[in-house]
Amino acid sequence: MIKAKKKFGQNFLKDKHYLEKISEAMPNTDNLVVEIGPGLGDLTEKLLEKRRVLAYEIDKDLCEILKEKFPNLNLKCGDVLEYWQKGSLAEEDYDLIANLPYYVATNIILRALRDPKCKNILVLIQKEVADKFSAKLGEKNYSSLAILASQVADVKKLFDIPPGAFVPAPKVTSSVIEFRKFKDSYDEEFAKFLKIAFANPRKTLKKNLSAVYKNFDPKEFGLADTIRPHQVDGSTFFRLFSALKERSEYGKRKKRDNS
Ligand SMILES: C[S@@+](CC[C@H](N)C(=O)[O-])C[C@H]1O[C@@H](n2cnc3c(N)ncnc32)[C@H](O)[C@@H]1O
């Protein structure tokens, strides 16, 4: 048995019951499946029963095992984030289905949410991160991640998976979460704006946004001075973003015209 490499976030899902549950939860499309991190290929085998698969694996030792196990698998050996720098992960529409390495899971999901070729995402991630992505307005986990995801997808946490289902067992519980995209991509400037708004979630929205937008006054937008970022819904955030962006562009134009 190959030794799992911690640096690549390797926790192999071996429990047949959960592998079957993930297979049953696959989106009902004919799209190509992109799997990130096929590992030893247990999930890959289930995916290949139903769909065409394109897989990305960073670990060269695992790539050799996978080539032998699935001679016809379309496998790219390397860091998926480097492939993404060159463009979309596939030339056609695809659904991303994977047991993601935890150290880079959030990054991968955000990347997939803004990849126009990616149509649906079904992934196994750390429960704590799944809770952040699927949180609703007012909940304590409600975060910039939940707002950003809800701009482009219907997000639903499906079920939890206990540590004992993996080899080696991770320290934390995992969850399967799905994102059904209704929009191709999100605005990266809006993502940056949300980061500023949630920079310190315990502080007020006014305090956070004033760090960048000097004269920001929540009352101008019908919001109380004391409101905190997790109490503001996605469409209000988008309204704030558009207005403050317009204002700062107007300011820049005026400065240019006067110089
Ligand atoms: C949590 S394991 C999942 C393995 C397998 N799919 C399973 O369910 O048992 C994560 C996999 O992602 C691979 N991986 C980690 N970082 C990666 C990256 N940046 N690009 C591609 N694959 C990566 C690891 O080598 C590992 O095979």
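Which of the 24 residues around the ligand come nearest? Keep that in mind for View 1. This is a predicted model, where local features need pLDDT of at least 70, side-chain atom pairs count only at pLDDT 80 or more, and totals for chains, interfaces and linings use all residues. Residue numbers start from 1 along each chain as its sequence is written.

**View 1. Around the ligand sits a shell of 24 residues.** Phe-8, Phe-12, Gly-37, Gly-39 and Asn-99 come nearest. Strand 1 (12-13), helix 2 (42-50), strand 3 (53-57) and helix 4 (80-85) each give two or more residues to this shell. Being near means having a C-beta atom, placed from the backbone, within 6 Å. Helices (H or I, at least four residues) and strands (E, at least two) are DSSP runs, numbered from the N terminus. By class, the shell has 14 nonpolar, six polar and four charged residues. Nonpolar covers Ala, Val, Leu, Ile, Met, Phe, Trp, Tyr, Cys and Pro; charged covers Asp, Glu, Lys and Arg; the others, Gly among them, are polar.

**View 2. Here's a cis peptide bond, from Val-167 to Pro-168.** Its omega is near -10°. Look for Pro-168 in the loop between strand 8 (166-167) and strand 9 (174-181).

**View 3. Helix 7 (residues 144-152) packs with helix 8 (residues 188-197).** Their axes (lines fitted to C-alpha atoms over the stretch in contact) are 9 Å apart, at an angle of about 155°. Angles run from 0 to 180 degrees between N-to-C directions. That makes the pair roughly antiparallel (an angle over 145 degrees). Ser-144, Ile-147 and Leu-148 in helix 7 meet Ala-191, Leu-194, Lys-195 and Ala-197 in helix 8, with contact meaning C-beta atoms, placed from the backbone, within 7 Å.

Methods:
Parallel < 35°, antiparallel > 145°, perpendicular 65-115°, else oblique. Contact = placed C-beta atoms within 7 Å.
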